[in-house]
Amino acid sequence: MIRRSLYDKLKEISHSDYYPFHMPGHKRMMGHPFLDDFPNPYTLDITEIDGFDNLHHPEGILKDSMERTAAIYGADKSYYLVNGSTCGILSAICGTTRYKDRIIMGRNCHKSAYHGAFLNHLEITYLYPQINEKFGIQGGITAEELEDLLKTSYGVAAVFIVSPTYDGVVSDIKSLADICHAHGVPLIVDEAHGAHFRYGEIFPVSALDLGADVVIQSLHKTLPAFTQTALLHLKKGFIDIEKIEHYLQIFQSSSPSYVFLAGIERCIKFMETEGKQQITRFEDHLMKLRRHLMEMRYLKLLDRSVIGNHSIYDLDVSKIVVSTERVNLDGRQLMDRLRADFHLELEMCSVNYVTAITSMMDTQKGLERLEHALKTIDQEQLATINQKEQIRESTIWKGSTSTSGISLYEAWTREKKRVLLEESEGMICGEFVYLYPPGIPLVVPGEILTKERIRTIALYKQKGFSIQGLSDYDANWIQTV
């Protein structure tokens with residue numbers, strides 16, 4: 001069978017009526033004036049010729065641009081990232097730790113944080129987020145647990161957490177930062193999904209304004225910027241800025257795209273000018289959508305009522321998280337219905353919910369299409385709903401089952417053997433197991449494979465989810481130490 005080319009597939013979707021409730025935040029600029037004066041990208045694609053500066057040794061136009069960005073965001077230094085938030089996370093972890101140091105890290109971090117720990121051979125002490133069983137999502141990180149770990153863990157060099165989570169859950173960053181600083185260690189926050197926080201009135205406060213020392217933001221996730229563009233912000237005091245800059249030289253491409261760099265600069269300029277008016281209109285449309293979705297009887301919208309429970313300090317309401325816990329559909333089936341019957345493409349789904357990413361570039365018509373689709377499906381449930389709430393086997397990762405046998409680095413580099421997944425209970429995992437999105441590992445190399453984890457992986461596979469990280473793409477076999 002001859003597959004169609006990627007280019008042809010992209011052209012097809014660009015001319016279709018499929019609406020994107022997923023990244024990137026520019027939503028393909030469908031009819032938006034922001035796109036009108038942006039030329040053919042090939043005409044902007046240059047290398048480091050005279051007058052255009054060098055990202056790895058900025059002295060002119062790029063230096064000035066990044067300094068303006070730092071002033072806008074309130075950072076001491078800000079850096080343009082063309083390798084996504086991933087290169088910022090790797091640079092932050094390697095730049096705040098030394099070989100075989102200890103890092104305290106949220107167990108719900110993106111896989112790139114684990115890669116950073118691997119590169120520096122770090123010992124990891126995990127912070128476990130609270131669990132909201134009702135929605136099947138992870139809550140926030142508790143300040144009390146962090147305090148206890150910093151008191152009892154020897155040689156901690158840095159603390160790394162993700163806030164907001166993929167589902168929009170925000171932890172109490174100020175309290176976490178104050179605790180870190182009292183113990184003399186920096187707080188790194190993966191704020192990849194919060195680049196829009198500094199704009200608008202209804203979004204949480206950015207970690208950069210709450211005391212975090214290093215903040216990584218993906219512009220492309222929620223703002224009008226190209227995929228793979230991001231920002232790294234640094235605050236002086238608890239970090240070595242030059243050391244982090246050194247690692248940026250390693251993890252950033254030596255041939256950065258000037259199209260991407262211009263896109264970053266243009267996105268920030270737009271947000272500081274006419275974008276402010278547009279985001280006010282978006283907020284009005286978004287809150288109207290949320291009010292209407294709260295009227296659903298069976299599908300359930302995650303709303304601000306969860307704040308104050310499960311260490312959820314705040315919630316990013318631009319994420320439309322809808323629970324399927326009380327209907328005869330799981331998350332995968334709901335996502336498939338929205339795609340097939342309503343031509344809406346969502347960001348991700350889990351067994352118990354779906355997540356749609358909205359941004360200021362969404363049209364009112366697009367938001368109305370999402371409302372119509374969800375409310376139509378909700379009304380259909382009247383004929384099929386079980387009268388009592390269904391009880392589903394939980395697929396939420398729980399910290400009590402993540403027992404480490406050996407270090408991440410040792411497990412990843414030692415000789416391994418391949419065993420059937422169902423026969424691996426009690427063995428030490430030698431590779432990652434995760435769903436993508438969101439890219440949070442279900443099992444990390446070095447952790448002991450428990451009956452619960454094996455059952456969860458099998459359930460995801462049964463439900464048709466794409467299980468990644470395993471050398472066996474069919475997820476029948478797993479590498480063990």
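Which residue just after helix 6 takes a positive phi? That residue is Gly 184, with a phi of about 75 degrees. Welcome to a short tour of a predicted model, in which local features need pLDDT of at least 70, side-chain atom pairs count only at pLDDT 80 or more, and totals for chains, interfaces and linings use all residues. Residues are numbered from 1 along each chain as its sequence is written, and side-chain values use heavy atoms, with hydrogens and water left out. Helices (H or I, at least four residues) and strands (E, at least two) are DSSP runs, numbered from the N terminus.

**Helix 6 and its buried face**

- Helix 6 spans residues 173-182, and its buried residues are Ile 173, Leu 176, Ala 177, Ile 179 and Cys 180; buried means under 20% relative accessible area, exposed over 50%, and partly exposed in between (1.4 Å probe, protein chains only).
- Those buried residues fall within an arc of 160 degrees when seen down the axis of helix 6, so they line one face of the helix; the arc is that of the directions from the helix axis to the C-beta atoms.
- Helix 5 (143-152), strand 7 (156-162) and strand 9 (187-190) are what the buried residues of helix 6 pack against.

**The helix 10 and helix 12 pair**

- The axes of helix 10 (residues 274-293) and helix 12 (residues 364-380) come within 10 Å and cross at roughly 10 degrees; axes are lines fitted to C-alpha atoms, for helices over the stretch in contact, and angles run from 0 to 180 degrees between N-to-C directions.
- Helix 10 and helix 12 are therefore roughly parallel to each other (angles under 35 degrees count as roughly parallel, over 145 as roughly antiparallel, 65 to 115 as roughly perpendicular and the rest as oblique).
- From helix 10, His 285, Leu 286, Lys 288, Leu 289, His 292 and Leu 293 meet Gln 364, Leu 367, Leu 370, Glu 371, Leu 374 and Lys 375 of helix 12; contact means heavy atoms within 4.5 Å.
- By class, this contact has 6 nonpolar, 3 polar and 3 charged residues (Ala, Val, Leu, Ile, Met, Phe, Trp, Tyr, Cys and Pro count as nonpolar, Asp, Glu, Lys and Arg as charged, and the others, Gly among them, as polar).

- An open sheet of 4 strands has the order 12-14-17-16, with antiparallel pairing; two strands pair if DSSP finds at least two bridges between them.
- The edges are strand 12 and strand 16 (348-349), each pairing on one side only.
- In strand 14 (residues 319-323), 5 of the 5 residues are buried, so it is largely enclosed by the rest of the structure.
- Both faces of strand 14 are covered, with Lys 319, Val 321 and Ser 323 buried on one side and Ile 320 and Val 322 on the other.
- Strand 14 pairs with strand 12 (residues 300-301) over 2 bridges, and Leu 301 has Val 322 as its bridge partner.
- Strand 14 also pairs with strand 17 (residues 353-357), over 5 bridges, and Ser 323 has Tyr 353 as its bridge partner.
- Strand 16 is joined to strand 17 by 2 bridges, and Met 348 stands opposite Thr 355.

**Two buried residues elsewhere**

- Thr 480, in strand 22 (residues 477-480), is buried, with a relative accessible area of 0%.
- Leaving aside neighbours within four places in sequence, the contacts of Thr 480 include Glu 415, Val 419, Met 427 and Leu 449.
- Pro 24 sits in the loop between strand 1 (19-21) and helix 2 (61-73) and counts as buried at 16% relative accessibility.
- Pro 24 and Ser 218 are 194 residues apart in sequence and 9.7 Å apart in space, C-alpha to C-alpha.
- Not counting residues up to four places away in sequence, Pro 24 touches His 220, Lys 221, Ala 225 and Thr 227.
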